[in-house]
Amino acid sequence: MKIVAFAASNSSQSINRALASYTAHLIPGAEVDLLDLNDFEMPIFSEDREREHGHPPAAGAFLARIAAADALVISYAEHNGSFSAAYKNLVDWASRLSRKVFQHKPTLMLAAGPGAGGAASVLALAERSAPSMGANVLAAVSVPSFQDHFDLARCQAGEGEPMARVRAAASELQAALAAA
């Protein structure tokens, strides 16, 4: 089975990239395709640009990677209470090619933040938009104070409650894939 995992961030030091990778690798036997949003860089979406230049090839390439997956693990970075500009732009372009960007794939939605909020605002926004984006959300988990629960240097999770919820979500995804 193939899992596409990515952080909804273009930061090379993204804690959400670490969380997405860690979570996807919890699924035994899964082939993990870890996407980097920097590989899908495009001009800022506008209808004028779309009319004049068409769709950037990167939008189609992103949709092709999603299509090749059996499941998705997405971890959202929170920028000023919302999606990162890189993620929003990618989804804006991709949705012009296919409204159901996530193609009804079983999806885990995660979010991590350095503070007590755990990027919960952006996770709630992602959950609200999931049906219109074609995401079949199995679980959504926010991890507050990420550095207190995850050792970035060793890519190891702690035993606390937030990471127990992440492991439970991964188990739910594994069960859904086994039943498919």
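## Sheet and helices

Strand 4 (residues 105–112) pairs with strand 5 in the parallel sense, over 8 bridges. Within this pairing, P106 stands opposite N136 of strand 5. The model is a predicted one.

Both strands belong to an open sheet of 5 strands, whose order is 2-1-3-4-5 and whose pairing is parallel. Strand 2 (31–35) and strand 5 (135–143) each have a single partner strand and stand at the edges, so one side of each is left without a neighbour in the sheet. From one strand to the next, the twist averages 20°.

| Helix | Strands it lies across | Angle |
|---|---|---|
| Helix 1 | strand 1 (2–8), strand 2, strand 3 (71–76), strand 4 and strand 5 | about 140° to strand 4 |
| Helix 5 (residues 120–133) | strand 3, strand 4 and strand 5 | about 180° to strand 5 |

Helix 1 spans residues 15–24 and is mostly covered, with 9 of its 10 residues buried. Among the buried residues are I15, N16, L19 and Y22. At the start of helix 1, the backbone nitrogen of N16 has a side-chain oxygen of S14 within 3.1 Å.

In the model, the span 1–141 is 39% helix and 23% strand, and its end C-alpha atoms lie 22 Å apart.

Notes
Residues numbered from 1 in each chain as written. Predicted model: local features only at pLDDT ≥ 70, side-chain atom pairs only at ≥ 80, totals over all residues. Heavy atoms only, no water. Helix = DSSP H or I, 4+ residues; strand = E, 2+ residues; numbered from the N terminus. Buried < 20%, exposed > 50% of the residue type's maximum accessible area, 1.4 Å probe, protein only. Polar contact = N/O pair within 3.5 Å; in protein donor to acceptor, adjacent residues only side chain to side chain. Pairing = 2+ DSSP bridges. Axes fitted to C-alpha atoms, helices over the stretch in contact; angles between N-to-C directions. Contact = heavy atoms within 4.5 Å.
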